[in-house]
Amino acid sequence: ASEESVSDRGDSESILSAMAGAIEIASILAPKTQLAMISTLLKDIRTRAFATVVLQSRGDMIPDEVLEDLLEAGDRDVRLGAAYASVLRGGENLPELLLGLLMDRDPTVKAYAARMIFQSQIPIPPESLLSFLSDRDPAVRLFLVQAVDGRTDDPNVIHRLIEMVGDPQPVVSDAAGDKLVDMGARNPHVMEALANAQRSGNGKVDDLLGRIESRRTGEKGQR
C-alpha cells in the first residue's frame, strides 16, 4: 500500500507539473484561443481538479477576468470548473460571484455555489439569500438554510424559515427547524414570529417552541 501511495503521489505531481506547463502556454495565447484551452482543461473531469489547483495560484498568468468569462460559458462543466477555480482563489468579490452562481441555469452549479456559501462561512447578509431560499432545488434550499446568519433580525428571512418548516423535503424542513431553534434560543424576535405562526394555526411550530423552551431552561440550569 505504501509503494502504491508513493506511485500515486508521483503520478499526481507529474500531472500537476504538466498542467502548470499547459497553463503557462495558455497565458501567452490570443484571448479567444486562451479561453478555448482553459475551457478544455476545466471541462474534462480528468484534468479539472489539477487545472483548478494550478489556476489557484496563477492569477498572474490567467487573471480573474478570464475565469469570470468562463462562468458564462455555454457548457455546464466549463462553468463548474471555472467556479471551482474561482472559489479556490477567493478574493473580495467571492460573495458576489457565488450569489451570481445561484442564478445559474444548471442545478449542479447552483448547488455547488450554495454549498460553498455554507461551508466557507462567507459573511453574506441573510436578506441577500432570501429569494434563493425558494429555489426549486432542495440541495440549494438546504445549504442556504444552513448558511443563514442566526443573528439576523430580518422579519422576511425569519418568516421564510418558518414557511420552510413545512418544506416537502424532510431534510430541508428539519434544517429550517434546527436553524429556528438555534435562533429562537437567543432572539426574542424569532420567538415572537413563531408564537404568531402558532396562533395562526401553524401546528408545525409547536415542537420548535417546546425545543426552544427546553434549551432555555437547560441553559438557565447550567448557570
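# A quick tour of a helical model

Let's start in a loop: Q121 sits between helix 7 and helix 8 (126–129). Helices here are DSSP runs of H or I with at least four residues, numbered from the N terminus. What you're looking at is a predicted model, where local features need pLDDT of at least 70, side-chain atom pairs count only at pLDDT 80 or more, and totals for chains, interfaces and linings use all residues. Residues are numbered from 1 along each chain as its sequence is written, and side-chain values use heavy atoms, with hydrogens and water left out.

**How confident is the prediction?**

- The protein's mean pLDDT is 90, and 93% of its residues reach 70 or more; pLDDT is the predictor's confidence in each residue, from 0 to 100.
- Among the elements, helix 1 (residues 2–27) has the lowest mean pLDDT, at 74, while helix 9 has the highest, at 97.

**Back to that loop residue**

- Q121 has a phi near 55°, which is a positive value in a residue other than glycine.
- For background, most residues other than glycine have a negative phi.
- Q121 counts as exposed because its relative accessibility is 68%; the cut-offs are under 20% relative accessible area for buried, over 50% for exposed, and partly exposed in between (1.4 Å probe, protein chains only).

**The nonpolar core**

- The largest nonpolar core has 68 residues, and L98, L102, L144 and L194 are the ones with the most contacts inside it.
- A nonpolar core means a set of buried Ala, Val, Leu, Ile, Met, Phe, Trp, Tyr and Cys residues joined through side-chain atoms within 4.5 Å.
- Which helix gives the most to this core? That's helix 7 (residues 107–120), with seven residues.
- Skip the residues up to four places away in sequence, and L102 touches K110, A113, A114, I117, F132, V140 and L144; contact means heavy atoms within 4.5 Å.

**Aromatic pairs**

- There are two aromatic pairs in the structure. Rings of Phe, Tyr and Trp (its six-membered ring) pair if their centres lie within 6.5 Å; planes under 30 degrees apart count as stacked, over 60 as edge-to-face and the rest as tilted.
- Y84 and Y112 make an edge-to-face pair, 4.7 Å centre to centre with 65° between the planes.
- That pair links distant parts of the chain: Y84 is in helix 5 (residues 76–89) and Y112 is in helix 7, 28 residues apart.
- Buried or partly exposed, what are these two tyrosines? Y84 is partly exposed at 25% relative accessibility, whereas Y112 is buried at 8%.
- F118 and F143 are stacked because their ring centres are 6.4 Å apart and their planes are at 25°.
- This pair also joins distant parts of the chain, with F118 in helix 7 and F143 in helix 9 (residues 138–147), 25 residues apart.
- F118 is partly exposed at 30% relative accessible area, while F143 counts as buried at 18%.

**S173 and helix 11**

- S173 belongs to helix 11 (residues 170–184), and it counts as buried at 11% relative accessibility.
- The S173 side chain reaches the backbone oxygen of P170 at 2.9 Å.
- Leaving aside neighbours within four places in sequence, S173 is in contact with M164, V165 and D167.
- Why does the length of helix 11 make sense? At 1.5 Å a residue its 15 residues should span 21 Å, and its end C-alpha atoms are 21 Å apart, so the two agree. The expected span is 1.5 Å times one less than the number of residues.
- Buried residues of helix 11 include V172, A175, A176 and L180.

- L71 is in the loop between helix 4 (64–70) and helix 5, and it's buried, with a relative accessible area of 10%.
- Not counting residues up to four places away in sequence, L71 touches R79, A82, A83, S86, L97 and L101.
- L71 and F143 are 72 residues apart in sequence and 21 Å apart in space, C-alpha to C-alpha.
- G81 is in helix 5 and is buried, with a relative accessible area of 0%.
- Beyond its neighbours within four places in sequence, G81 is in contact with L42, R48 and T52.
- R48 and T52 are among the buried residues of helix 3.

Technical notes
Helices (H or I, at least four residues) and strands (E, at least two) are DSSP runs, numbered from the N terminus. A polar contact is a pair of N or O atoms within 3.5 Å; within protein, one must be able to donate a hydrogen and the other to accept it, and residues adjacent in sequence count only if both atoms are side-chain atoms.
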